Amino acid sequence: MSSDGGLPTTGPFEGPEKLLEIWFKPSPVDVPGASTDVGGKFGLRKVPRSVWEAMLDIVQCKILSVVQGAEMDAYLLSESSFFVSPHRLILKTCGTTLNLLGVPRILEIARDYAALPSVYRCFYSRKAFMFPERQLGPHRDWRAEIEYLDQIFPNGAAYTIGKVNGDHWLLYMTSPGEDAGQWIGSSAQDDGALPDVHGEATELEALSSPVDITQDYTIEILMTQLSPAACRPFADTSSEADPSDHASALSSSIGISGLFPPHLTTLDAYSFMPCGYSCNALIEWRDDAGKRPARSGEGYYTIHVTPEEGWSYASFECNVPLPTLPSEHSRGIPDLKTLVRRVVNIFQPGRLTLTLFISSEDNNNTEEEGGETAVETAQRAFRTALTSGARGVEKGTGGSGGVYKRTDKINYEFGGYDLAFATFELCPPGNLPSPPNTS
């Protein structure tokens with residue numbers, strides 16, 4: 001994917017995304033103007049599209065379309081996605097985009113247009129790049145990315161999760177604080193120069209400020225070595241087809257439109273020339289979405305696909321809190337195991353990484369009560385969904401029903417957040433693992 005609506009014509013394309021999430025307040029209700037707002041357009045959602053477009057020029061991507069939801073705006077980009085809520089934004093970009101170079105301008109915009117002069121928390125994460133030598137600016141190296149962020153945020157910590165010489169996930173996060181990330185004006189960082197910072201990132205201290213009003217929940221499924229059959233629909237974009245119409249029909253035909261109940265979902269999709277696909281979806285998972293700023297009722301999922309042989313990649317990300325078991329009270333929202341299997345059936349990867357990143361208040365309460373924490377439940381759901389193969393495939397969902405073996409499992413406790421991390425690879429035919437013990 002690229003700014004002209006197509007994939008680069010030379011060299012491989014870097015599918016794994018850079019994911020930046022900046023919270024300026026713990027929740028929308030804390031944003032100036034929330035109590036007098038009508039229609040959800042307060043805080044960062046007041047920022048004009050033209051202002052965001054200028055910021056994205058720094059990052060080197062373009063807006064293709066936007067969907068305005070009850071609680072957030074979802075921008076589909078030439079390289080991935082951009083989500084804007086009153087109190088928070090999420091910028092996800094692939095290829096050789098300069099994601100972090102947008103941070104100084106984002107902080108200026110929040111201050112000048114939304115009366116949000118400081119950062120509550122910042123998160124930056126990514127999977128290991130396939131082609132790190134093709135990256136630009138601070139993205140050439142994880143240490144350089146850390147140094148760049150440390151120059152802006154005085155209370156950050158950096159982590160590597162997983163095998164350094166294999167599939168791993170990188171995370172930078174800051175502690176809550178009103179003095180974090182105050183941006184006064186422009187500097188040498190605007191032209192992409194790396195800040196001169198030395199020393200190790202500090203460890204996070206325990207969360208001491210009040211916890212968020214609603215639980216923060218994000219699942220990512222990062223897939224490589226997609227099967228040829230799964231890649232084929234994304235590599236057959238006619239030059240005469242409308243990119244949105246083609247993507248909409250494709251989403252329906254392969255099952256993307258059915259990941260969540262269609263009547264709760266607003267889907268915005270785009271097919272790239274000559275190949276590739278992106279979509280954003282807004283899901284009203286509560287019936288009072290947009291009516292109560294203190295209680296989130298709308299979430300998103302986003303999918304991005306690079307189908308070329310040799311570096312095929314697909315990502316799925318979602319922040320809708322998923323039930324751990326099927327429930328008649330869930331408005332049709334799939335449980336975690338079902339959603340994982342639905343996504344994997346569509347893309348049929350040879351290898352995949354799953355992460356569930358969740359605010360830990362509920363985990364702490366569960367642990368004190370002697371129960372199973374959310375990350376432990378997630379690990380069990382991952383394993384059950386993927387090592388059961390055809391036994392875990394829903395009727396009518398299609399897909400190969402491939403059987404996977406787990407190659408890594410890590411649970412991690414951060415300041416205020418917990419992480420479930422796992423990697424899987426497809427088992428060769430005739431070498432299948434025993435069914436998982438789900439007791």
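**View A. Strands β7 and β8 are joined side by side in the predicted model.** Seven bridges link β7 to β8 (residues 168–174), and the two strands run antiparallel. Within this pairing, Ala158 is placed opposite Tyr172 of β8. Strands (DSSP E runs of at least two residues) and helices (H or I runs of at least four) are numbered from the N terminus, and strands pair where DSSP finds at least two bridges. Residue numbers start from 1 along each chain as its sequence is written, and side-chain values rest on heavy atoms, without hydrogens or water. As the model is predicted, local features require pLDDT of at least 70 and side-chain atom pairs pLDDT 80 or more, whereas totals for chains, interfaces and linings use all residues.

**View B. β7 and β8 belong to an open sheet of eight strands.** The strands follow the order β2-β3-β4-β5-β1-β6-β8-β7, with antiparallel pairing. β2 (63–68) and β7 (156–162) each have a single partner strand and stand at the edges, so one side of each lacks a neighbour in the sheet. From one strand to the next, the twist averages 10 degrees. Helix α2 (residues 103–114) packs on the sheet, where it touches β1 (18–23) and β5 (88–93), and its direction makes about 25 degrees with that of β1. Helix α3 (residues 142–152) also packs on the sheet, in contact with β6 (121–127), β7 and β8; the direction of α3 makes about 10 degrees with that of β8. Contact means heavy atoms within 4.5 Å, and angles, from 0 to 180 degrees, are taken between N-to-C directions of lines fitted to C-alpha atoms.

**View C. Strand β13 is joined to both β9 and β12.** Six bridges connect β13 to β9 (residues 217–226), in antiparallel fashion. Six bridges likewise connect β13 to β12 (residues 298–306), again antiparallel. Ala314 of β13 is the bridge partner of Met223 and also of Val305. The hairpin formed by β12 and β13 has six residues between its strands, and Gly310 in the turn has a positive phi of about 100 degrees.

**View D. The side chains of β13 (residues 313–318) are mostly covered.** Six of the six residues in β13 are buried (under 20% relative accessible area, with a 1.4 Å probe). Tyr313, Ser315 and Glu317 point one way, while Ala314, Phe316 and Cys318 point the other way.

**View E. The largest cavity has a volume of about 140 Å³.** A cavity is a set of points on a 1 Å grid where a 1.4 Å probe fits but cannot get out, and lining residues have an atom within 4 Å of a point. Two cavities of 30 Å³ or more are counted. Residues lining the largest cavity include Leu19, Glu21, Phe123, Trp169, Asp216, Thr218, Thr355 and Phe357. β1, β6, β8, β9 and β14 (349–359) each contribute at least two lining residues, and β9 gives the largest share, three residues. The lining comprises six nonpolar, three polar and three charged residues; Asp, Glu, Lys and Arg count as charged.

**View F. The second largest cavity holds about 50 Å³ of space.** Its lining consists of Glu17, Leu19, Lys92, Ser125, Arg126, Lys127, Trp169, Glu220, Leu222 and Tyr313. β6 and β9 are the elements that supply two or more of these residues, and the largest share, three residues, comes from β6. Four residues of this lining are nonpolar, one is polar and five are charged.

Conventions: Buried means under 20% relative accessible area, exposed over 50%, partly exposed in between (1.4 Å probe, protein chains only). On a 1 Å grid over the protein atoms alone, a cavity is a set of points where a 1.4 Å probe fits but cannot get out, and a pocket is an open set with protein on both sides within 12 Å along at least five of seven lines; lining residues have an atom within 4 Å of a point. Grid points are joined across faces, edges and corners, and a volume is the space filled by probe spheres set on the points.
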